[in-house]
Amino acid sequence: MQRQQPGYEPVGIRDGSWMFLPSFLAGGFYDSNVFSSNFLKRSDIAATIEPMLRAYTLWERHGIDVTLDAQEIAYNGNPGLNQTNASLKGNAWYDISHDTTLLTNFQIAHLNLAVGSLSSPAGAVQPTPYDLFSGDVSLRKEFNRLITSFGFRTDSYDYGSTRAADGTVIDQSSLSGQIYSLHGRADYTISSIFGVFVAAEGNDRNVKGLPGQPLDSQGYRALSGVTFGLTNLISGEIGAGYVQQQFVDPTIGTIAGPSYRALLTWRPTRLIDINFKAEQLVTETAQTSSSGVLANALQLGIDYELRRNVVFSATGAYEVDRFFGMIRKDDVITTDQRVKYKLSRYGSIAVYHTYTNRNSDVPIFSYDKHQVGLNVTAQF
């Protein structure tokens, strides 16, 4: 998907040592269950536009890469679902020396929680707007075969309100708060195809929660494992360790146990990429009450270059969400199929189909939905 075939790469606009890449996407889609509900099932069509401007430097050392984008989604029969998203994000790197680099990334955005998503409140019929600010600063240092990194990350969320079907306002400010984390990793290369790593991350989550039910928590995850790369055929990493998240709310308590993460890319030919990912995460949400979530997710995807300007992609995922603080367990199945046809370096067409099935112990949260869409992108 990321390969730039000669003749199809964007032209761009150069200004000194900066390169600018503007683009504009317009499209539409059909949604079989716009409210992601098992009792309020309605279908609708929607139009979407997405202008974007990417800018990056052409310096020999150091670098900056930023993207400014926006998205407007307008529904035909359910205008309450209309939403506007905007984001400014980027990353930069500064080479302190030949073996030491300072890495940073940031995002400032106004986004919306989709109706029916894990953090959207039960009964909501409108998206939930929120503002996000996130940033990360890391220092990467090489010692011959040993590569180390250490950094700090912060994420700040400010949620607004949404509405229920009867018109009442649902205040979602309980999701607002800040998450601070320290992270570090060390990789040691044993041979050209094999290495080992250790990684750890600690966090302090200051999330407002509901009255008498705060979502504040502190925790960590530690992993160790192996990395491998058999030429360009197979590459990835497999790690195992322990995760713990201790919530202030005694009804949630402490979520702890073995943890894992596996990333694998297999390239049987130059035209095919097969990606596999398995991971366990601990997070929090607020539905009708505060709760913590232990999520186990598996994902398998393939990118197939049918022609040098036609790429087919398919992804399937299975996730198990176990809730703490309430009696609930969800099984989630998702699929995504896309075909992208690059007309020229100035434009492309993409068609897609996505499917989501959430099967919950609490029937009100169970639903399934299909989305079928077409996008046309112009770029320069």
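Let's start with a pair of charged residues: the side chains of E279 and K277 meet in a salt bridge, with 3.7 Å from N to O. A salt bridge here is a side-chain nitrogen of Lys or Arg within 4 Å of a carboxyl oxygen of Asp or Glu. Side chains of opposite charge can pair when their charged atoms come close. E279 counts as buried at 13% relative accessibility, while K277 is partly exposed at 38%. Buried means under 20% relative accessible area, exposed means over 50%, and partly exposed lies in between (1.4 Å probe, protein chains only).

Before going on, a word about what you are looking at. This is a predicted model, in which local features need pLDDT of at least 70 and side-chain atom pairs count only at pLDDT 80 or more, while totals for chains, interfaces and linings use all residues. Residues are numbered from 1 along each chain as its sequence is written, and side-chain values use heavy atoms, with hydrogens and water left out.

The whole structure holds 17 salt bridges. One of them joins the side chains of D31 and K369, at 3.1 Å from N to O. D31 sits in strand 2 (residues 18–31) and K369 in strand 21 (residues 367–379), so this pair ties together parts that are 338 residues apart in sequence. Strands are DSSP runs of E with at least two residues, numbered from the N terminus. D31 is buried, with a relative accessible area of 0%, and K369 is buried too, at 12%.

Now find R185, whose side chain meets that of D187 in a salt bridge of 2.7 Å, N to O. R185 is partly exposed, with a relative accessible area of 22%.

Next comes E305, in strand 17 (residues 290–307). E305 is buried, at 12% relative accessible area. Its side chain makes a polar contact of 3.1 Å with that of Q5. A polar contact is a pair of N or O atoms within 3.5 Å; within protein, one must be able to donate a hydrogen and the other to accept it, and residues adjacent in sequence count only if both atoms are side-chain atoms.

Finally, look for the nonpolar residues. The largest nonpolar core has ten residues, among them F29, V34, I73 and Y352. Such a core is a set of buried Ala, Val, Leu, Ile, Met, Phe, Trp, Tyr and Cys residues joined through side-chain atoms within 4.5 Å. A second, separate core has nine residues, including V207, L215, V243 and I255.

Notes:
Helix = DSSP H or I, 4+ residues; strand = E, 2+ residues; numbered from the N terminus.
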